[in-house]
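Dear colleague,

Please find below the structure that I am handing over to you. My notes on what was found in it follow directly after it.

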Amino acid sequence: MAEPEPSLDDPTADPSAIELRYRYHRARRHARVRAKEESRLARYRFYIVLTVLIAIAIAFLVAAWHEIQRLFGL
């Protein structure tokens with residue numbers, strides 16, 4: 001004997017399971033957006049630190065050059 005077809009009025013899925021799936025996918029989407037934002041901020045931090053280090057290196061070079069000129073009378 002064949003199974004009776006489910007009517008369209010009867011919900012076949014558990015409503016709490018649907019809500020859990022919505023929360024799961026929403027959390028994944030937020031995690032993906034957060035990871036993209038963190039990556040962008042990390043890139044900015046890298047360039048800021050690189051700029052500061054280059055500025056410090058240039059300051060040391062200029063100071064060393066002035067010291068060399070003073071010591072050797074160039």
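Phenylalanine 46 is partly exposed, with 48% relative accessible area. Please keep in mind throughout that the model is a predicted one.

The search of the whole structure returned one aromatic pair. Its members are phenylalanine 46 and tyrosine 47, arranged edge-to-face, with 5.3 Å from centre to centre and 65° between the planes. The pair is called edge-to-face because an angle over 60 degrees between the planes falls in that class. Tyrosine 47 is likewise partly exposed, at 46% relative accessibility.

The chain as a whole may be described briefly. The chain has 74 residues, and buried residues account for 0% of them. Its accessible surface amounts to about 7,400 Å², and carbon and sulfur atoms contribute 65% of that area.

With a relative accessible area of 40%, isoleucine 56 is partly exposed. Patch residues need over 30% relative accessible area, so isoleucine 56 at 40% passes that cut-off.

The other patch carries positive charge, and its residues are Arg21, Arg23, Arg26, Arg28, Arg29, Arg32 and Lys36. Arginine 23, which is among them, is also placed in helix 1.

Finally, I turn to opposite charges. Side chains of opposite charge can pair when their charged atoms come close. How many salt bridges does a search of the whole structure find? The search finds one. In this salt bridge, the side chains of glutamate 67 and arginine 70 meet, with 2.5 Å from N to O. This distance qualifies because the cut-off for a salt bridge is 4 Å.

Glutamate 67 is partly exposed, at 34% relative accessibility, whereas arginine 70 is exposed, with a relative accessible area of 60%.

Yours sincerely,
A colleague

Technical notes:
Residues are numbered from 1 along each chain as its sequence is written. This is a predicted model: local features need pLDDT of at least 70, side-chain atom pairs count only at pLDDT 80 or more; totals for chains, interfaces and linings use all residues. Side-chain values use heavy atoms; hydrogens and water are left out. Buried means under 20% relative accessible area, exposed over 50%, partly exposed in between (1.4 Å probe, protein chains only). Accessible areas come from the Shrake-Rupley method with a 1.4 Å probe; for residues, only the protein chains shown count as cover. Rings of Phe, Tyr and Trp (its six-membered ring) pair if their centres lie within 6.5 Å; planes under 30 degrees apart count as stacked, over 60 as edge-to-face and the rest as tilted. Patches are made of residues with over 30% relative accessible area and no salt bridge: like charges are joined within 9 Å, nonpolar side chains (Val, Leu, Ile, Met, Phe, Trp, Tyr) within 5 Å. Lys and Arg count as positive and Asp and Glu as negative; His and the chain ends are not counted. The place of a charge is taken as NZ of Lys, CZ of Arg, CG of Asp or CD of Glu. Helices (H or I, at least four residues) and strands (E, at least two) are DSSP runs, numbered from the N terminus.
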